[in-house]
Amino acid sequence: MPESSQATPGPTVFVLFGATGDLAKRLVLPSFFRLVQEKLLPDDWRLIGNGRRTKTDDEFRDEVREALEQFGGLRPEDGPWDEFAAGLRFAGGGFTADDPGELLDRIAEARGEIGEDAQLVHYLGLPPTTFGDYTRALGAQGLATGSRVVYEKPFGTSLESFRELDRVVHEVLDESQVFRIDHFLGKEATQELRALRFANGLFGSSWDRHHVAAVEIDVPETLDVADRAEFYDATGAVLDMLVTHLFQVAAEVAMDPPATFRADDVAAARDEAVRHFRPLQRDEVVRGQFEGYRDLDHVADDSTTETFVAARLWIDTDRWRGVPFLLRTGKRMAESHQKVNLVFRDPENGPVDERDLPTRGNVLCFDLAGDGALALSMNVKTPGASSDLGTTWTQIPLDTLSGGDPLPPYVRLIHDVLTGDRALFTRPDGLEDVWTAAAEVLDDDRAPESYAPGSWGPEAALRLADPVGWVLPD
């Protein structure tokens, strides 16, 4: 497990750039409110929203309350809304290297209220194309020194753009100040994956190519992209999911044991795994687009943006050489789930005839959705007079564990930023290797294969998982 995130942060001024945008409303602001509910914020804090428009603090508070109710599934009236609202401020007029708008004055006011040495945290809830400009502006306006800066994904869109952004960031900030967020790393079940492996000899001793036939990281969605079609058509499934979330989870599974569970050691082990990702080949990647996608508003009539991607990734380490890591995600699919499946090899040279064994009878599943769950399938004798074998599953919901209080990933990660714990954040050396591994797929200009909404994607993606096959719901 990473270092404890239970330390109490000191007085903090949290600046949320893009405070009226979709990301802030859906994820950041509800997460901050949850931190208040969980009593995980410092005693003294201020959240300053930043945007181009000028508005009063009360107008901003009204917008935040509406976002909590509409997107966060929260009831501000249940509290502590008054305490939360008292800490909200707004700084309009935008923010650039030449013009800070109202932000410098509002930060000075906040520090005057809670302490001149209050920790400064900047959260860039903005389009990734603006990261460079806002980073330069932080430096030019004197807001970089001693601060922490959170960058949303993707951090770059190609190897070249990543290197340019990384250069700009490190001209202004020290790496220790940088928090590149990937919320899949903050999921409870992703962290349980590490705990189950390293705290249990039963699984840790079989976490390798000798025992595992395939690793599947499967994130299909039934949702379409109608509410963010313009963004999605400029991004696609490869950038939105594959080179960010799915690659990082693959590295979590594949990493060798870190020297310790300190943040730097965990991140180094994860990055070392990424370094051994074999570059994806086009014939081992299937890109798809659901039928009707081009009919959506804000989508080009001739769009070749993929809404689905499946890939067979190889990791060239002694531990995993020859084991396929099967990655899949897509929109308008048959089911929504977020699962990591380790499919174990069938026993060989034993008394049980291999032909009698159920298909994929031994699977260890990490359900990343919601509060998370662990599940294990086993081959057992079917009760009764016959000797037939069947498969049964046992499941452990993580929210049922004694003393457990699962935190949504953004809540956990924002708290880690406040306490300075970087174990669940990505680093530039690992990200450079990610872009290298994905380069050929990012340059693929072939038209994606069509698939029917409500299906499991293009037929070629089903064949990609042979001979193990995808672990599909019953």
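Before you start, one cut-off: a residue is called buried if its relative accessible area is under 20%. Keep in mind, too, that this is a predicted model.

**Exercise 1.** Find H245 and work out whether H245 is buried or exposed.

*Solution.* Start with the record: UniProt, in an unreviewed entry, puts the feature "active site" at H245. Next, locate the residue: H245 is part of helix α10, which covers residues 236-254. Now for the value: H245 has 2% relative accessibility, so H245 counts as buried. Finally, look around it: setting aside neighbours within four places in sequence, H245 is in contact with K153, D182, H183, F184 and D240.

**Exercise 2.** Describe how helix α11 packs against helix α13: at roughly what angle do their axes cross?

*Solution.* Take α11 (residues 263-275) and α13 (residues 428-442): their axes come within 8 Å and cross at roughly 20 degrees. Angles under 35 degrees count as roughly parallel, so α11 is roughly parallel to α13. The crossing of α11 past α13 is left-handed. On the α11 side, D271, V274 and R275 make the contact, and on the α13 side D429, G430, D433 and V434 do. Sorted by class, this contact between α11 and α13 has four charged, two nonpolar and one polar residue.

Terms used
Residues numbered from 1 in each chain as written. Predicted model: local features only at pLDDT ≥ 70, side-chain atom pairs only at ≥ 80, totals over all residues. Heavy atoms only, no water. Axes fitted to C-alpha atoms, helices over the stretch in contact; angles between N-to-C directions. Helix = DSSP H or I, 4+ residues; strand = E, 2+ residues; numbered from the N terminus. Parallel < 35°, antiparallel > 145°, perpendicular 65-115°, else oblique. Left-handed = near helix turned anticlockwise from the far one by under 90°. Contact = heavy atoms within 4.5 Å. Nonpolar A, V, L, I, M, F, W, Y, C, P; charged D, E, K, R; others polar. UniProt positions renumbered as here; feature names shortened; annotations may be inferred. Buried < 20%, exposed > 50% of the residue type's maximum accessible area, 1.4 Å probe, protein only.
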